[in-house]
Amino acid sequence: MSLVELSNVVKRFGALTVLDEASLSVEQGEIVAIIGRSGSGKSTLLRCVNGLEAIQSGRIVVDGTVVNEPGTDLRALRQRVGIVFQSFNLFPHLSVERNITLAPRVVKHMPASDARALALAVLRKVGLEEKIDAWPDQLSGGQQQRVAIARSLAMSPHLMLFDEITSALDPELVGEVLKVLEEMAREGMTMMLVTHEMGFARRVAHRVVFMHKGKVWEQGRAAETLAKPNTPELETFLASVLH
């Protein structure tokens, strides 16, 4: 059984069809890089996976939960599915520790001392242990993004979704965030990531999914698909981003 299963998913915003019969499955421990032009449905697909966007038709099953059924407890689902956006979405009025421990304390009723130990553990994973008492505005963009990743990891998710998490960063900060993702990959975290970083996708992803016109247009093993596309649309896309 796949960890994520999307079957013929249709998502519309008004008259605009953003996902058009999109189907995709992701296995436990797999890293899937989702690529494609702006407006091809990549980010919307991620937001549908954890129920941030409702779909018009089709079916999405994540970790055994049917996301788009009316009675689904989306809050419970989101405890198992972490999502990190391009804007870091940290609470500016809370310290790094409080940003990370807010959900474990509120949702899991974790005692303060355990929550601080957890914050230190997840910050260690992203190389920012010494920033536990810092405030978001004292951190660089790359550091804020790594704290956002740590915050998601604090809930011990089964699946991590990353939406263009390096696109708002200065080029010299991109590497430090990608390094964290590589470490998570080595530890076997299941990940779906929308990215423009083709080198990273080639190096780290097991599979690449190319979206075009709201459809999963082409997919395959990352290194092979990026080196030798099967469709002219992917070939044209790669030519535009690699030059």
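**Cavities, pocket and helix packing**

The structure holds 2 cavities of 30 Å³ or more. On a 1 Å grid over the protein atoms alone, a cavity is a set of points where a 1.4 Å probe fits but cannot get out, whereas a pocket is an open set with protein on both sides within 12 Å along at least five of seven lines; lining residues have an atom within 4 Å of a point. Grid points are joined across faces, edges and corners, and a volume is the space filled by probe spheres set on the points. The model is predicted, with pLDDT of at least 70 needed for local features and 80 or more for side-chain atom pairs, while totals for chains, interfaces and linings use all residues. Residues are numbered from 1 along each chain as its sequence is written, and side-chain values use heavy atoms, with hydrogens and water left out.

The largest cavity has a volume of about 50 Å³. Its lining consists of Phe162, Glu164, Ile165, Thr166, Leu178, Leu181, Leu193, Val194, Thr195 and Phe200.

Lys125, Leu153, Val180, Glu183, Met184 and Glu187 line it, and H6 supplies the largest share, 3 residues. This lining has 3 nonpolar, no polar and 3 charged residues.

The largest pocket holds about 680 Å³ of space. It is lined by 24 residues, and the closest to its centre are Arg78, Ala103, Arg151, Ser152 and Met155. Helix H2 (74-80), strand S6 (81-84), H3 and H5 are the elements that give two or more residues to this lining. H3 gives the most, with 5 residues. In terms of class, the pocket lining comprises 14 nonpolar, 7 polar and 3 charged residues.

H3 and H5 also pack against each other. The axes of helix H3 (residues 96-108) and helix H5 (residues 141-153) come within 8 Å and cross at roughly 30°; axes are lines fitted to C-alpha atoms, for helices over the stretch in contact, and angles run from 0 to 180 degrees between N-to-C directions. H3 is therefore roughly parallel to H5, since angles under 35 degrees count as roughly parallel, over 145 as roughly antiparallel, 65 to 115 as roughly perpendicular and the rest as oblique. Val96, Asn99 and Ile100 of H3 make the contact with Val147, Ala150 and Arg151 of H5, contact meaning heavy atoms within 4.5 Å. The residues of this contact are 4 nonpolar, 1 polar and 1 charged.

Helix H4 (residues 112-125) packs with H5 at an angle of about 130°, their axes being 9 Å apart. H4 is therefore oblique to H5. Val122, Leu123 and Lys125 in H4 meet Val147, Ala150 and Leu153 in H5. This contact comprises 5 nonpolar, no polar and 1 charged residues.

Note on methods
Helices (H or I, at least four residues) and strands (E, at least two) are DSSP runs, numbered from the N terminus. Ala, Val, Leu, Ile, Met, Phe, Trp, Tyr, Cys and Pro count as nonpolar, Asp, Glu, Lys and Arg as charged, and the others, Gly among them, as polar.
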